[in-house]
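Reader: I am new to this structure. Please take me closely through one part of it.

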Amino acid sequence: MASTIVILGTGGTIAGTSASADDAVGYTAAQLGIGHLVAAVPALRELDLECEQIAQLDSKDMDIATWQALAARAAYHLARADVAGVVVTHGTDTLEETAYFLHRVLASAKPLVLTAAMRPATSIAADGPQNLFDAVSTVRDARARGVLVAIAGRVWAGAEVRKLHSYRLDAFAAGDAGPLATIEEGRLRWWREAPRGAALGLAHIARDATQWPRVEIVINPAGASGRIVDALLAQGVHGIVAAGTGNGTLHRDLEAALLRAQAAGVRVLRSTRCAAGPVIGGALLRSAEVLSPVQARVELMLQLLS
Ligand code: SIN
C-alpha cells in the first residue's frame, strides 16, 4: 500500500519569520525550509514523509516557470507507486491561482493538498503547523482526490477556492459552492465530492515560460474608459479578462474597446469584480462563469497555449 507522503515547499508566510513574535504583518515570507516546517509538527514524526524544496518565494512573486517546476515534480511523485499523495506549502496570496492551475493540469486521482498560513512561523499563535498537519491528514483520507486546499480547518476544491480576507486566519472560501470537508482532530467530515474535470497534462504547459501568451486583467471601476484596452491591444496582448461590475457588466466605453480587441483577435473573458457569484448570460463577450478574475486569467492562458 502506498504510504509515503511527499511535501513540496514553495515559501509563503507559513515559512515566514518576524523579528517580534507579536508582529503578524511586518514579517518576511519564505525564510524557513520545508524540513523546518515539518519538524515543527510533532504528530508528523511517525509518518513516512519526504520533503523537497521547489521554490522559496513570497507568493506575490509566483511565476509561470515556478508553476511548471511545481507541476512537474508533483506529477512525478504522484505517479510513484509508493506515494499516497502530495502536500504543497504555499503563500496565501496567489494560492487560488496555483490551486486552479494544478487542478487544470494534473491528471492524477491521488490527492495533492495545498496549504498555507496567515501568520509567520515565529508568531505567538502561528497557524502553519496546524494547517500542515491538516493537509497531511487530508492526503491520508480515503475520500481525498485531486487538487485540494486545506486551511483553517476546512478543505476546499482547488478549482473553486478564493482568498477573501487579507488578515483573518480563515481567509478562504468558495462562494456558493462552500467547503468540501471540515477537519477536526485530524479527521475529515465530508460534505460533498470535489468537482472533476479533464486535466490538460504536463505536455500542454511545456512551452518555455517566456513564450506563454500574455493575458491581462482589466477592472471596470465607475468612470472606466477603453484606453487601457487600446494600449494593451497596441502592445500585442493575447487575452484580456474583464472584471466587470455585478453580473460582469461593463461601462459602454470599456465594452466597446473590448469588442474592438476581440475583433482584432484578442481572446476576452468576462468575469466579475464581485467577491463571489457567476457571470450569467451575455452574448458578445464570453463569460468566465464562476471563475474569479485571477482564475479566469489562468484559464485563458491555458486555453491560448493550445
Ligand atoms: C505569500 O503569499 O507568500 C505571503 C502572504 C501569505 O502567505 O499569507
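Reader: Which order do the strands of the open sheet have, and is the pairing parallel or antiparallel?

Author: First, the ground rules. This is a predicted model, where local features need pLDDT of at least 70, side-chain atom pairs count only at pLDDT 80 or more, and totals for chains, interfaces and linings use all residues. Residues are numbered from 1 along each chain as its sequence is written, and side-chain values use heavy atoms, without hydrogens and water.

Now the sheet. Four strands form an open sheet in the order β11-β12-β13-β14. The pairing is parallel. Strands here are DSSP runs of E with at least two residues, and helices are runs of H or I with at least four, numbered from the N terminus. Two strands pair if DSSP finds at least two bridges between them.

Look at the edges. β11 (215–219) and β14 (286–287) stand there, each with a single partner strand, so one side of each has no neighbour in the sheet. Within it, V215 sits opposite G239 of β12.

A helix joins the picture. α7 (residues 293–304) packs on the sheet. Helix α7 touches β11, β12, β13 (267–272) and β14, where contact means heavy atoms within 4.5 Å. The direction of α7 makes about 160° with that of β12. Such angles run from 0 to 180 degrees between N-to-C directions, with axes fitted as lines to C-alpha atoms, for helices over the stretch in contact.
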